[in-house]
Every structure is written in structure tokens, then in C-alpha cells.
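Subject: Structure handover

Hello,

Here is the structure you are taking over, followed by notes on what was found in it. Please keep it open while you read.

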Amino acid sequence: MDNIKISYKGLGMSEYMESDAEFIPIVEDDDYQQSVDDDIIPQELPLLPLRNTVLFPGVIVPISIGREKSLKLVKDVQKNKGFLGGVAQKDHKVEEPGPDDLYKVGTVAKVVKVLEMPDGSTSVIIQGRKRFRWSDIVETDPYYKAKVEVVEDIVPGDDEKREFEAVVGSLKDLALRIIKSSTNIPQEASFAIKNINNSSFLINYIGSNSDIKTAEKQRILEKDSVKERGLALVEHLVREVQLLEIKNDIQSKVKKDMDQQQREYLLQQQMKTIQNELGASPVEQEAKEMEEAAKEKKWGEEVEKVFFKELDKLRRLNPASGEYSVQHNYLQTMLDIPWNEFTKDNFDLKRAQKILDRDHYGMEKVKERILEHLAVLKLKGDLKSPIICLYGPPGVGKTSLGRSVAEALGRQYVRMSLGGIHDESEIRGHRKTYVGAMPGRVIQNMKKAGSSNPVFILDEVDKMSSSFHGDPASALLEVLDPEQNSTFHDNFLEVDFDLSKVMFIATANTLSSISAPLLDRMELIDVTGYILEEKIEIAKRHLIPQQMEAHGIEKGTVTLSKKVLGYMIERYTRESGVRELNKVLARFYRKIALKIASGFKVKKSVSMADLRELLGVEKYSKDTWEKNAVNGVVTGLAWTAAGGEILFIESSLSKGKGNLTLTGNLGDVMKESAKLALEIVKAHASDLGIEQEMFEENNVHLHVPAGAIPKDGPSAGITMVSSLVSIYTGRKVKPRVAMTGEITLRGKVLPVGGIKEKILAAKRAGINDVVLSAENKKDVDEIQSIYVKGLNFHYVETIMEIIDIALEK
């Protein structure tokens, strides 16, 4: 090949050279290799310490000489046309290195040129010849001279030739990729790489010019095998290529982003200039519109001050920045909220009563409370709205009542479902600094209402749960506290909002899952389930007209009598509310619609037989009083989520040792009531005429039918006592008698709940006499007389009173 030559310019010294600079060959294949082979290396060489440089055989490198010893060494070698030993320093910071500061392996070098620089310093160009290893220092003055031993390279043999060629090819490709990707390496270097055919020299050349730490270069130089030296370089260059590609990728992305930002900035400036020429800037115009809208708001001084401060901040922001949209959203939200904007209440009490009665049948307590609030508002003119909690079984109209209340008062209506909420920020909102931040659902609904005094339904308040995001029930404490909600703080707004004029109506199915502090802030109203008569009225007034309209059936086409409706309710539904009844009616009218659409004639008056044909077999059976010819069977009264029911308590005796057996899927409280009943009977055995041997010689079994249904509670206490007394004394229970009440060990009868539902169940079952605790009389008095007509109530205080009422002589 032709000789490859480089100038001093390639060595970074062009500013010090004339235009006709001398060229120095990198390698001259045959002549150069022959000259290296002919070199007679003396056994002792002067050692030139090299800082941050490792000299490889065949490579030419420029070195700046700073030390006096090194300068003298170089001049002596040049004068004698001899050799020097280039050895790398272990630590480049050491100014006067000793033998221990130098590596043991270096490269024999010839001085090619010594240059006196304009600044007074000296640079020398040296060329590596062969590797050597030094042992003993023979001279220290004026510079180090040591005994040396030449280390020959191990060249791969024929069996490794193909693998070695592959290593050299990989090295060349990697080096060219680095030169192409790097902006710090002149492209002329790729010309040199491509034109070096000597594999050993190529490895040394790349090793010398690679961006490798001195210690790593020294490790590569010390490898005797040229192939191992090449593999070590390949490993490093692969890492270097990956790093360069990552850097270039990052720089490309940054440049692209910067170009995009610059482009957007220029476009914005051009738009701004055009808008100024036209005489209007959309950003400033929007800010002015906000300012005008703010003047119409009825907010307080503090809120006004905050708004205009934030508006000034908006004007200073760049519309292209992300913060601008956040600030704009905040200001727009503040403008959308109804600050001290109220709707005028309608104080016509007769109208309000009419609307409430029109939409909901029953619910007298709730209606009465709403009318009371309206009356006080009419007289006083200003009153903090009540915070009502309607609790009761599903389907009784708790949620829909809110809309009727809003219409009756002439207020806006909003509803917030709390079911499944487990994050406090759902109530209080997020801080506006977060991306996508928004106010809490309370403020969002106030914005939706458009007034500061709506009827606000908090639906399913018992379905909230807490998590690591916070406890929403605790956040509601401030909302529902009349003493605090006048300064409700939303995290997004960062200013107080007055909720004191809002009428909050919360709904719940149970109070057990609501925290005590939250319960304490609400006025609790028990919305009990509907009785049969109420369901019939609700169906005739609301559900039937609604379903007929929904199914396209004209009024008067089909009529359902009260008797048929009652049959439908008892045999096809079992619930406290009317939700299931509405579904059954929908199914009924779908069948009617199918017949009409198919051309069949439809009876105007539907009978029970027609009902069975249209709806299929009855799903439920009606609980009725059963005439019992045996002792120990007593009728009790129970409350369920679907309303009141009757249940039977059965007792029997068998020979044994006085054990008590309980069956019927009873809960712990009910089991305790049974044990307590037996102990009371034993304690009053002499008064009841029961011999003590009866308890000792007989086992007693107490059973409650419908074993698949779980049962619990203390209200069957007096029923169990009556059943046990009946079986032990042989006295039968009087016909059509039912009872409910809790017992104590002293024989007292305590009051129980669900009296309205239980009494109505007794009436439906054909019961004539009902036995209750004397303290339950107040509950009976609250029931409308139409529902208790035909029932005789017996109020008792002790067990012994029950026995005479319930059992035959």
C-alpha cells in the first residue's frame, strides 16, 4: 500500500507550523516494519514518565515537556539518536514521580521532532517502537535509567487467523461508527483507519486514540497476545458506541424540542404582532371579559382580592405555557360558582303540602319537617337550613323525595352519590397546582345548581369507605356541621365558601356503618317500609300510570282492582319499598302490550287467574295464622328488610336429663333469649304449677321454622316463654294471638322496634290479639287508626301477665 502520512496539523499543532509543514509517515509497511526489526535496543534505557498518556508501538504522539529532567532526557536522546522508554504514570497528579509511581511495562520510542513553542514551552513528537518491561533503576540523576527487557508481541497463528481477522474487522467497523457519531473526532481519522492494513498497528493505533482511561489503556498494552489486545478493545468500543448513540439520541430529541419551542415562540410573536395591528389581543381580551364578569359577582372582599390577584398573574403568563391553562381554569371556576346568589323560596305552605302529597304517599314525618322549616323561614326570614338524614330500607323513595322538596321550596335540586367514594379529595378537591386538578364534588354540584341555596341530596351516605387517600366521611363533617359549613374550605379554591343556606338531605339504608360524629350532625328521620295498603295506593297513584305510559297502553284499557293489586304485592313481591313491585308491573304491562300488538282481545278487568296466567306461578306465599291443636306452638312477630312477618315458635318434650336443644338457624342473641326463657320458666315453676321433676326428667327442643333463613334479635323472648310454659303445663295457646317483646331474668318485658311493620303483618295474617310491652304503646299510637282497626292490644310489664292473656285456662 501507499505510505500514509499525517502532518503536525493532524497532531493539533497547525498554528505553530509553516504552510509547507513537514509530513511524518504513520506507517510504511515493509520499510517501517524492517526498521523496527533492525532496531538494536540497549539493555538500559532512560525512562520518560508520561502523564495521561500510554504510548503504543508504531504510534506517533505529541507530548508537552514541562519537567527539567524530562527536557534534558529528550534532548540527550535526540542528540545521540538513541531510544527512550515511555512509561505511563499511575497518578497524573504526581509532579516528581519515583519508580513506584510508574507502570512496569512501557514502549521503546524514538524522538521524531522537538518543537520550541512561542510561549517558551517545548513539545516533542515521539514514535513507539517495541514494548519493554523495566526492572532495576541503575541511574537517578539527571533522570531515571533502568534495565529493560524487550517484550515481543504474540501474533496469532494460522489456526487463529480467521478469528483474528474477524476481531480486526469488528474493531475497524466500531472505530468508523464512533468517528461518524462523534463531533469531537475529525473525519480525516476515518481515512487513516480505512487505509491501515497492518493488523497489529491498527489495534495499537485505535488503542492509543480511544477515549479510555489511562489504567485501562495500560491493561491493554500489557497484553502480550495481539488478539487478546484486540478483543479488549472491541469490548470497550462496543460500550462507547452504545453510549454515543444514546447521547446523540438525547441531543436529537432536545434539539427537536427546542426547535419546536422556538417555532411556537416565533409564531406566537407573529400572532401577537398581527393581533396588535388589528387592535385586539385574545389573551388580553379574555382577561378583560373575566374582569367584567367579576364585577357582577356578589362575592366578599377577601374572595374578590384573591381573584384579581390571580387575574394579574394570568396576564403575566405566557399563553403557551402549561401554567397558563391551570390558572385560566382556576379563574373560570371561580366565576362559575354562585357566590351569594340565592333563589327566592316559595312560602306557600298549602302549595308545598300539595306537591309533597302529589309525589309521595305517606312519609308524614319528612313532609312535616319540611313544612316546619318553610314556616319558620316565612316568619323569621333567615334560618340555617336543616341537615336531614332519611334512613330506611331500599326502594321507599328516599332519594326521589329530594326533587319534590326542591320543587315545593322553589329551589334548585342537585344530587351527589357517595356510594363507593374512598378519597377525601372527592369532597374537598385537589390543590390547583396538580395537573388535572379540579374542585371537590360539593363545589362542582354548587356550580351545577347555579345558586347558593339548593336542595342537596347526599345519596348513600352509609356506603362511603376510607383508604390511604383519606376518610371522606371525616371530610363531610365540615360540610354537614351548621356551625362550620358557612366557611367550607375547598382545596382547589383556597378560599371559604358558604354552605349554610344549602338544605342537605342525606339518605342511608342503615346507620350502623355511619360514624358517630357524622350521625351527631344530622337530624335522623326513620323512613319505614310501606304497608300493603300504602303500596296499593302508591301503585294506583304513581306506578300504574307511569308503566301504562311507558308501554303505550291507553288509560282505561286495563284496570287492576285493589284486591288484585294486593294479591300481586303479597304473592309476587317481598320488599319494604316498591322497587320490585314496579318491575312486576312493568312485566305485567309488557304482557298486555304483546297481546294488544298481536291483535288479541284484552280483558278490561283483570282477575287473579288472569294475573297467574300473565305473571306465572306465585313467587311467595302469604303468612297466615294457623290453628294449632298441639301445645307449645306460639305465633310471634318479626321485622325484616321486606317489612313485618309472623313466625312460629315450636317446643316439644322428650325423655332425658333436662337438656335444651335449639334449631332453626338462630343467631347468638336469639339463642340467649331461649336459654333465658327456660331459666325464667324454671324460676317461676311453682307459680305456674310445674313440678320440678318435669325439668329434670325431660329434654326440651325449641324450634323456629324456615331453617334456611337466618334469624336473630331479642324480640322473640316472650314468645319463647309462652311456648315453654305451654309445653310444660299442657295449656294450649289461645287462637289468633301473636306477641313480641324482650325479656329479662327478673321476668320483666322490655320494648322492641319495628312495631308498625309487625302490627301490620299481624293484621294481614288474621291475628285478633297482639301482646306488647307497655312501653311500646307510644309506637302504636303513632300508627293511623285505619291500619289497626280490628286489633286488640294487650300491654304487659311482666311475664306472668302474658301467660294469662295468651294461654287457655
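In what order do the strands of the open sheet of 5 strands run, and is their pairing parallel or antiparallel? The order is 10-11-14-9-15, and the pairing is parallel. Strand 10 (413–417) and strand 15 (523–526) are the edge strands; each has a single partner strand, so one side of each has no neighbour in the sheet. From one strand to the next, the twist averages 20°. Please bear in mind that the model is predicted.

Within this sheet, strand 11 (residues 455–459) pairs with strand 14 (residues 503–508) over 4 bridges, in the parallel sense. To find the place on screen, look for Leu458, which stands opposite Ala506 in strand 14. Helix 15 (residues 441–449) packs on the sheet and touches strand 10 and strand 11. The direction of helix 15 makes about 155° with that of strand 10.

Next come the helix pairs. Two packed helices are described by the angle between their axes and the distance between the axes.

Take helix 8 (residues 282–296) and helix 9 to begin with. Their axes come within 10 Å and cross at roughly 175°. Angles over 145 degrees count as roughly antiparallel, so helix 8 is roughly antiparallel to helix 9. On the helix 8 side, the residues in contact are Glu284, Ala287, Lys288, Met290, Glu291 and Ala294. They meet Phe307, Phe308, Leu311, Leu314 and Arg315 in helix 9. By class, this contact has 7 nonpolar, no polar and 4 charged residues.

Arg315 also takes part in a salt bridge with Asp312, where the closest N and O atoms are 3.8 Å apart. Both residues lie in helix 9 (residues 301–316), 3 residues apart, which is about one turn of the helix. The structure holds 36 salt bridges.

How are helix 18 (residues 532–550) and helix 19 packed? The angle is about 110°, and the axes are 10 Å apart. Helix 18 and helix 19 are therefore roughly perpendicular to each other. Leu532, Lys535, Ile536, Glu537, Ala539, Lys540 and Ile544 of helix 18 meet Lys562, Leu565, Gly566, Ile569 and Glu570 of helix 19. These residues divide into 6 nonpolar, 1 polar and 5 charged.

Helix 19 (residues 562–572) also packs with helix 21 (residues 608–615), at an angle of about 40° and with the axes 10 Å apart. That makes helix 19 oblique to helix 21. The crossing of these two helices is right-handed. Here Lys563, Val564, Tyr567, Met568 and Tyr572 in helix 19 meet Met608, Leu611, Arg612 and Leu615 in helix 21. This contact has 7 nonpolar, no polar and 2 charged residues.

Which residues does a cis peptide bond join? They are Asp141 and Pro142, with omega at about 5°. Pro142 is in the loop between strand 7 (122–139) and strand 8 (145–151). The other detail is Lys81, a residue other than glycine with a positive phi, near 50°. Lys81 lies in the loop between helix 2 (68–80) and strand 5 (84–88).

Regards

Terms used
Residues numbered from 1 in each chain as written. Predicted model: local features only at pLDDT ≥ 70, side-chain atom pairs only at ≥ 80, totals over all residues. Heavy atoms only, no water. Pairing = 2+ DSSP bridges. Axes fitted to C-alpha atoms, helices over the stretch in contact; angles between N-to-C directions. Contact = heavy atoms within 4.5 Å. Parallel < 35°, antiparallel > 145°, perpendicular 65-115°, else oblique. Left-handed = near helix turned anticlockwise from the far one by under 90°. Nonpolar A, V, L, I, M, F, W, Y, C, P; charged D, E, K, R; others polar. Salt bridge = Lys/Arg side-chain N within 4 Å of Asp/Glu carboxyl O.
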